[in-house]
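Colleague: I have not looked at this one before. Can you walk me through it?

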Amino acid sequence: MDREMRLQIDGMGIVLYSAKTMDYVEQGYNFLKREFTDPRQVAEHIMKGDITGFCTGTGGDFDLQFIMRGPTAEEENRFPVAIRLGLEVRGASIQFCDLFWLSSWDSSNFPKEQVLPIEDGFYELTVCTRRPDSGYWGDEQTICIYFRKTESMPKLKWAGVPMLFTDDE
């Protein structure tokens, strides 16, 4: 099921995860500080696929488009900025949020509008964007997130935090 959602963030990134995959995290735990700040820690989680995310370079207003298939070549060519990620889904849903939400884990009070039903399994995510017409990252910026189901966790090569922006003018 494809879905569009506006997400306003204060942090510099967006994260996605399956609540069932992350059910080992205790309520109130500062996951951001303890496990998702150092670039090596972020890369480890992203390659494992339990939680994934990307740096937007800024806070702001983002129009997220969740598309339940891989992108076509034409779709990929429309976006000058693209990254590949992976995610393991358990419990038939994923959650997406501002990076700062991870600073006080609260699975009991997660916004329902930020929960997306999705079939269990492994997914390769292609995340694509371009600089908004205003010229400012985060200014009603469209981000397309394509979910292509795979047999196993995609093999990824991240040494740090995936960046979904460029410094190019």
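Modeller: One term to begin with: buried means under 20% relative accessible area, exposed over 50%, and partly exposed in between, with a 1.4 Å probe and protein chains only. Strands (E, at least two residues) and helices (H or I, at least four) are DSSP runs numbered from the N terminus. The model is predicted: local features need pLDDT of at least 70, side-chain atom pairs count only at pLDDT 80 or more, and totals for chains, interfaces and linings use all residues. Residues are numbered from 1 along each chain as its sequence is written, and side-chain values use heavy atoms, with hydrogens and water left out.

Colleague: Okay, so why is strand 8 largely enclosed by the rest of the structure?

Modeller: Strand 8 covers residues 121-129, and eight of its nine residues are buried, so the rest of the structure largely encloses this strand.

Colleague: Which strands does strand 8 pair with?

Modeller: Two strands pair if DSSP finds at least two bridges between them. Strand 5 (residues 81-89) pairs with strand 8 in the antiparallel sense over nine bridges, with Leu87 opposite Tyr123. Strand 9 (residues 141-150) is also antiparallel to strand 8, joined to it by eight bridges; there Phe122 stands opposite Thr150.

Colleague: And the sheet as a whole, what order do the strands have?

Modeller: The order is 1-4-9-8-5, in an open sheet of five strands with mixed pairing. Strand 1 (3-9) and strand 5 are the edge strands, each pairing on one side only. Strand 1 pairs with strand 4 (residues 60-67) in the antiparallel sense over seven bridges, and Glu4 stands opposite Gln65 there.

Colleague: Changing topic. How many aromatic pairs are there?

Modeller: There are eleven. Rings of Phe, Tyr and Trp (its six-membered ring) pair if their centres lie within 6.5 Å; planes under 30 degrees apart count as stacked, over 60 as edge-to-face, and the rest as tilted. Tyr17 and Trp105 form a tilted pair, 5.0 Å centre to centre with 40 degrees between the planes.

Colleague: Where do Tyr17 and Trp105 lie?

Modeller: Tyr17 is in strand 2 (residues 13-17) and Trp105 in the loop between strand 6 (93-98) and strand 7 (115-117), so the pair ties together parts 88 residues apart in sequence.

Colleague: Is Tyr17 buried or exposed? And Trp105?

Modeller: Tyr17 counts as buried at 1% relative accessibility, and Trp105 counts as buried at 3%. Both belong to one aromatic cluster, whose members include Tyr29, Phe31 and Trp101.
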